[in-house]
Amino acid sequence: MQEQNSGAGQQIPEIILDIIKARGITEQDREEFFSLRPKLAYDPFQLANMREGAELLLRAVDEGRRIVIYGDYDVDGITSTSLMMKVIGTLTDNVTYYIPSRLDEGYGLHKESIDRIAEDGGELIVTVDCGSVSHDETAYAHSLGIQTLVTDHHNVSDTRAEGLVINPKLPEDNYPFKGLAGVGVAYKLALAVSRLREIPKPVMAEILELVTIGTIADIMPMLDENRTIVKCGLRSIHLGCRNKGLRRLIDKSGLDYHTLRSSDISYGIAPKINASGRLGDASIGVRLFLAETEEELDECCRILIDANQERRRLQDDAYNRGVEMVDEELKKGDFITVEINDSHEGVLGIVAGKLREKINRPVVVISRNKDIYKGTGRSIPAVDLFSMLDKYRSEFISFGGHSAACGFTISADKADALRENLNADIARMLKQDENLFDTDYGFDAEVDTSDVTLDLAEAVTLLEPCGKDNEVPVFAIRDVEVSGWRFLRNENKMAKFMISSGNGPGVECLLFHDAGDVYDSISSDGRADILGTAEINTWRDDRRVQIIARHVLKAGTIR
């Protein structure tokens with residue numbers, strides 16, 4: 001049954017309408033949601049302190065003051081920094097940037113960094129993607145005669161930076177949408193500046209591409225104004241990609257900028273930009289986005305791609321070492337702490353996340369440096385990691401995070417006691433809820449293999465751009481016959497096979513993880529439950545539907 005036209009005139013199957021309805025998209029919101037040219041956007045001056053901030057920035061420009069953009073070392077911070085450099089650079093040459101080292105300095109503002117900025121003649125620090133709670137650091141900057149303008153999107157505590165702070169999560173802020181990335185807030189500042197001073201239109205169009213990359217990479221809600229930003233940014237990329245560095249990185253990644261999707265950015269572009277910050281110098285990403293010469297474009301791409309390959313090597317090595325420890329740790333309890341020394345700390349958060357996915361338990365990876373342990377943790381939805389560790393805040397040298405992830409440092413002589421306490425805590429939680437570690441095999445709709453058609457896969461694309469809170473729909477296909485199983489490369493991690501419910505010719509299915517283990521678990525009767533996404537596989541002029549499997553389970557597992 002087909003019920004409604006999309007913005008492109010395409011009929012929308014009822015199954016897709018049911019999915020977006022379940023996600024809270026009302027009938028009144030549908031036209032904007034599906035529109036190819038969305039219009040949902042808000043006046044930047046609705047953000048608290050925006051007018052004062054834009055005027056402060058322009059005064060610094062007019063007075064010839066040295067402006068320093070202070071960013072974070074992840075993709076959000078790198079794109080934010082590049083965006084502000086592009087915009088302010090059209091008004092003054094007296095602007096530079098500073099990104100702290102993940103390894104030597106850590107996240108946010110630091111007094112030592114401010115000292116370096118002061119020595120370099122910095123007179124106004126504009127933070128992007130950080131700084132909201134940096135009270136002592138901004139006060140220190142002010143004591144040196146350096147003004148500050150903080151732009152950020154992280155949660156705000158009782159401790160707040162001195163001076164002007166632009167952040168939609170400020171308690172007094174009435175901005176209609178709270179889900180902007182750090183680069184989204186920086187973009188709003190750029191828009192405000194463009195209202196007060198003429199900025200070349202090609203620059204404003206180009207920076208929209210950077211906002212798109214940062215918003216997707218930082219896993220922001222793909223709804224509301226973010227959806228408008230990303231749709232418009234992707235359209236700009238598809239029409240030619242104005243930013244030379246981004247276009248070159250897309251090409252070097254084996255992707256086509258004409259058809260780039262949000263998932264291509266998440267898995268093909270963002271990890272390369274992140275890699276330089278994880279392993280060394282995050283400023284390489286900024287250099288790439290600001291580069292003009294062929295030599296610098298190629299050099300920056302080479303460094304990022306090489307860094308990402310090294311990151312993957314280090315990550316795989318650390319993960320394999322962690323896997324070997326998991327069974328022994330499970331004997332001690334269900335809060336898993338693995339010690340991985342002599343590995344690059346920039347990959348340990350990723351490793352903790354992969355281990356968490358494998359065993360469905362909260363995982364903390366610790367590494368020792370003399371008498372100090374540095375830890376990074378990732379949790380499952382049912383366990384609030386921040387609350388668990390916050391009980392022991394007094395034991396940590398430093399600690400921070402949220403419900404799903406955390407980081408800390410602790411004296412080595414306190415590490416064993418912490419491990420025992422956390423295992424005891426998780427045991428009490430399991431006693432209160434015996435289903436604590438049950439896997440939630442969530443899906444959007446149940447289909448038969450005969451329903452998995454090219455029309456369905458094309459209809460799924462109407463939900464693009466997909467991301468947080470608007471994920472690619474996951475379909476459940478129960479009790480299918482599995483045939484033609486063929487392992488692909490990577491030591492039996494990947495496989496291709498056919499699935500059929502007995503109606504029609506069946507559907508090709510791809511599995512990109514743990515294929516050897518999956519084959520062993522279903523090989524006895526050759527039947528399985530499948531959870532996966534419907535995608536279009538294009539080869540030359542041939543287009544066909546395929547299922548990308550998230551889970552391949554014994555038949556009857558999905559209830």
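The following legends describe close-up views of a predicted model. Local features require pLDDT of at least 70 and side-chain atom pairs pLDDT 80 or more, whereas totals for chains, interfaces and linings use all residues. Residues are numbered from 1 along each chain as its sequence is written, and side-chain values use heavy atoms, without hydrogens and water.

**View A. Stacked pair of Tyr 70 and Tyr 98.** The ring centres of Tyr 70 and Tyr 98 lie 5.4 Å apart with the planes at 20°, so the pair is stacked (centres within 6.5 Å; planes under 30 degrees apart for stacked, over 60 for edge-to-face, the rest tilted). Tyr 70 belongs to strand E3 (residues 67-70) and Tyr 98 to strand E4 (residues 95-98), 28 residues apart (strands are DSSP runs of at least two residues). Both Tyr 70 and Tyr 98 are buried (under 20% relative accessible area with a 1.4 Å probe, protein chains only; exposed is over 50%, partly exposed in between).

**View B. Edge-to-face pair of Trp 485 and Phe 487.** The centres of the two rings are 5.9 Å apart, with 75° between the planes. Trp 485 is buried at a relative accessible area of 17%, while Phe 487 is partly exposed at 30%. Ring pairs join Trp 485, Phe 487, Phe 497 and Tyr 519 into a cluster.

**View C. Charged end of Lys 354 over the ring of Tyr 319.** The distance to the ring centre is 4.9 Å (NZ of Lys or CZ of Arg within 6 Å of the centre and within 35 degrees of the ring normal).

**View D. Charged end of Arg 361 over the ring of Phe 437.** Here the charged end is 3.9 Å from the ring centre.

Definitions and conventions. Phe/Tyr/Trp six-rings, centres within 6.5 Å; stacked < 30°, edge-to-face > 60°. Helix = DSSP H or I, 4+ residues; strand = E, 2+ residues; numbered from the N terminus.
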